[in-house]
Amino acid sequence: QVQLVESGGGLVQPGRSLRLSCAASGNIKSVNLMRWYRQVPGRQREWVAVITSGGSTNYADSVKGRFAISRDNDNNTGYLQMNSLKPEDTAVYYCNINAVTTTSVFNVWGQGTQVTVSS
């Protein structure tokens, strides 16, 4: 079994920063892709950012230049640094990984962490 635990969400004023964390645990040999998504109630889940095992990154246009995704391969942990936050960034943020175990590759979602940007 592979589990993801997210942390770091909260209430923040516009223009400020937050850093989200995503820690994977279980019988993991390696983690391939790490992705962040976000979802607002009543709307579809939106892809935010991705990072490969080699460190290549890509971002949605809405966050490009403000958000930075990173990872610690030794600890199977991913991060999303969010700067210059806007009210429209308010959402539940989810981490998603492809985890390689001794038996298979699993696509795993975290439980989500709420980010609220408001004055």
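Is N76 buried or exposed? N76 is buried, with a relative accessible area of 17%, where buried means under 20% relative accessible area, exposed over 50% and partly exposed in between, computed with a 1.4 Å probe on protein chains only. The model is predicted, so that local features need pLDDT of at least 70 and side-chain atom pairs count only at pLDDT 80 or more, whereas totals for chains, interfaces and linings use all residues. Residues are numbered from 1 along each chain as its sequence is written, and side-chain values use heavy atoms, with hydrogens and water left out.

N76 is found in the loop between β7 (67-72) and β8 (77-82), the strands here being DSSP runs of E with at least two residues, numbered from the N terminus. The phi of N76 is near 50°, a positive value in a residue other than glycine. A positive phi of about 50° also belongs to S84, although S84 is not a glycine. S84 has its place in the loop between β8 and β9 (91-100), and with a relative accessible area of 40% it is partly exposed.

N32 is found in strand β4 and is partly exposed, with a relative accessible area of 32%. Leaving aside residues up to four places away in sequence, N32 touches I51, T52, S53, R71, N98 and V100, a contact being heavy atoms within 4.5 Å.

Strand β4 (residues 30-39) also holds R38, which counts as buried at 7% relative accessibility. The side chain of R38 makes a polar contact with the side chain of D89 at 2.9 Å, and another with the side chain of Y93, likewise given as 2.9 Å. A polar contact is a pair of N or O atoms within 3.5 Å; within protein, one atom must be able to donate a hydrogen and the other to accept it, and residues adjacent in sequence count only if both atoms are side-chain atoms. Beyond residues up to four places away in sequence, the residues that R38 touches include Q44, R45, E46, V48, F67 and E88.

A nonpolar core is a set of buried Ala, Val, Leu, Ile, Met, Phe, Trp, Tyr and Cys residues joined through side-chain atoms within 4.5 Å. Of the 30 residues in the largest nonpolar core, W36, V48, F67, L80, M82, Y93 and I97 touch the most other members. The elements that give two or more residues to this core are β1 (2-7), β3, β4, β5 (46-51), β7, β8, β9 and β11 (113-117), and its largest share, five residues, comes from β9. Not counting residues up to four places away in sequence, Y93 touches residues among them E6, L20, W36, V48, F67, L80, M82 and V115.

The structure has one disulfide, defined as a pair of cysteine sulfur atoms within 2.5 Å. C22 and C95 form it, with their sulfur atoms 2.1 Å apart. The torsion about the S-S bond of C22 and C95 is about -80°, so this disulfide is left-handed. Because C22 lies in strand β3 (residues 18-26) and C95 in strand β9, the pair ties together parts that are 73 residues apart in sequence. C22 is buried, with a relative accessible area of 0%, and C95 is buried too, at 1%.

A search of the whole structure finds two aromatic pairs. Rings of Phe, Tyr and Trp (its six-membered ring) pair if their centres lie within 6.5 Å, and planes under 30 degrees apart count as stacked, over 60 as edge-to-face and the rest as tilted. Y37 and W109 form a tilted pair, 4.9 Å centre to centre with 50° between the planes. Y37 lies in strand β4 and W109 in strand β10 (residues 105-109), so this pair ties together parts that are 72 residues apart in sequence. Y37 counts as buried at 18% relative accessibility, whereas W109 counts as partly exposed at 37%. The rings of Y94 and W109 have their centres 6.5 Å apart and their planes at 80°, so this pair is edge-to-face. Y37, Y94 and W109 form one aromatic cluster.

Conventions: Helices (H or I, at least four residues) and strands (E, at least two) are DSSP runs, numbered from the N terminus.
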